[in-house]
Amino acid sequence: MAIVVGAAAGPHSPVVYQLPWEESEEYVREMEKVRECFKEIGRRINVLKPDVLLVFGADHVQTFWFGNFPQMMVFTGEAANYCVGGRRVLHLKNHHELAEELLFGLVEEEFDVGFSQEVDFFDHPFTTPLYWILQTCNVPDIRVIPFQLNTNVHPRVKLKRCYDLGQAVRRVLERSKRPERVFAIGTGGLSHFPGTPYYGNIDEEADRYILNMLERGKFRELCDLDYDWLDSTGNHELGTWIAAASCANAKSTEVLTYWTAWNNGYSVVWFRT
Amino acid sequence: MTIIFRYPPLEHLRIHKLGYMIFRDPDFRERFKRDMNKVMDEFGLTEEEKKLVLSRDGVKMYDMGVQPYIIFALVWQAFGEWPSREQIKKLGYGREKPSRVIP
């Protein structure tokens, strides 16, 4: 049987990958702490020795176009390029055998997940956290599985559905005859309003509410939040975190960092199982 | 109901397609910057849509229903710029965020 050995979550902003504008020393120092937390996750992953990083992320109209925009999609191809703003940063092998098991098993579980065997690239929702985690994660031959969860273009996958998806992923893996160890990662958040006139705001009170609930293991209770509330607080990407926590059967959460930058509430967390 | 990351209105399909290409393709970005009108003609933008893109008015685009990630591409990424603290002050961003209740 395949097993989920752990889970974590953190932001995916291109700014975390590389700061594209001049900032204060304090901003630069705090951003470095966020990156260090991703590196810490990479070191902890080494201890767990997973074979696969299962990454729940949301496309930002870069991999997919409105000609075909999936709510849920698992990548079942051999490998993919991982870019930021369309510029290649990583090329990573995909665990397509396990991805296929997830696809078939999830449809059997009545999650009508789409699949893709070839994409031009995945962008920052996958690239940014993987880039920093893989700076320190040195598990030999580790492969990835990107899992698209639409949290960014309405109508979107509800938090409850993300939680249920995580549980279904766990069941599918446990039924499998494959031996892989899987580590789940949720990417995005916390409060931010990219591309909108609200950009430049964050919602510290809402972020701290979410983090407090996560710390106390109140994952199901968070699923009562709807996209009205999530959009109002800039926390529209929370579903990816919920999916990662759920598939690891997380009991509580360790907040490695929370930083209130002027443009984004940045947090990196480790889900305790 | 506050939905910020909205369903893309069909009427903006042409603008959205232009922004999608800018968002994902660095070579296309350069071509767009070299001759914006020619590229916009290729995408079939109306005169009004062309004016909107050339205005780089992200606030107006948002209020007209253009998808936020496409706005990011059209206003910033197309020109190799980013919404830094100084830039957004100049362009009227930082609108007061919607009200909400902490549960």
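How many of the 13 residues of α4(A) are buried? In this predicted model, eleven of them are buried, so α4(A) is largely enclosed by the rest of the structure. The buried positions are His124(A), Pro125(A), Phe126(A), Thr127(A), Thr128(A), Pro129(A), Leu130(A), Tyr131(A), Trp132(A), Ile133(A) and Leu134(A). The helix itself covers residues 124-136 of chain A. From its first C-alpha to its last it reaches 19 Å, close to the 18 Å expected at 1.5 Å a residue.

Phe183(A) counts as buried because it has 26 C-beta neighbours inside 10 Å, the criterion being 20 or more. Leaving aside residues up to four places away in sequence, Phe183(A) touches Val5(A), Gly6(A), Ala7(A), Ile45(A), Leu48(A), Pro50(A) and Leu53(A). Phe183(A) and Cys247(A), 64 residues apart in sequence, have C-alpha atoms 9.4 Å apart in space.

The contact between the two chains takes 35 residues from chain A and 35 residues from chain B. On the side of chain B that touches chain A, at least two residues each come from α1 (13-24), α5 (58-64), α6 (68-75) and α7 (85-90). Of the elements of chain B, α6(B) gives the most to this side, with five residues. By residue class, this side of chain B divides into 22 nonpolar, six polar and seven charged residues.

Chain B also carries an annotation from an unreviewed UniProt entry, "domain: Extradiol ring-cleavage dioxygenase LigAB LigA subunit", which covers residues 21-72. In the model, that span is 79% helix and 0% strand, and its end C-alpha atoms lie 12 Å apart.

Key: Residues numbered from 1 in each chain as written. Chains lettered and ligands numbered in written order. Predicted model: local features only at pLDDT ≥ 70, side-chain atom pairs only at ≥ 80, totals over all residues. Helix = DSSP H or I, 4+ residues; strand = E, 2+ residues; numbered from the N terminus. Expected span 1.5 Å × (residues − 1). Buried ≥ 20, exposed ≤ 12 C-beta atoms within 10 Å, placed from the backbone. UniProt positions renumbered as here; feature names shortened; annotations may be inferred. Contact = placed C-beta atoms within 7 Å. Nonpolar A, V, L, I, M, F, W, Y, C, P; charged D, E, K, R; others polar.
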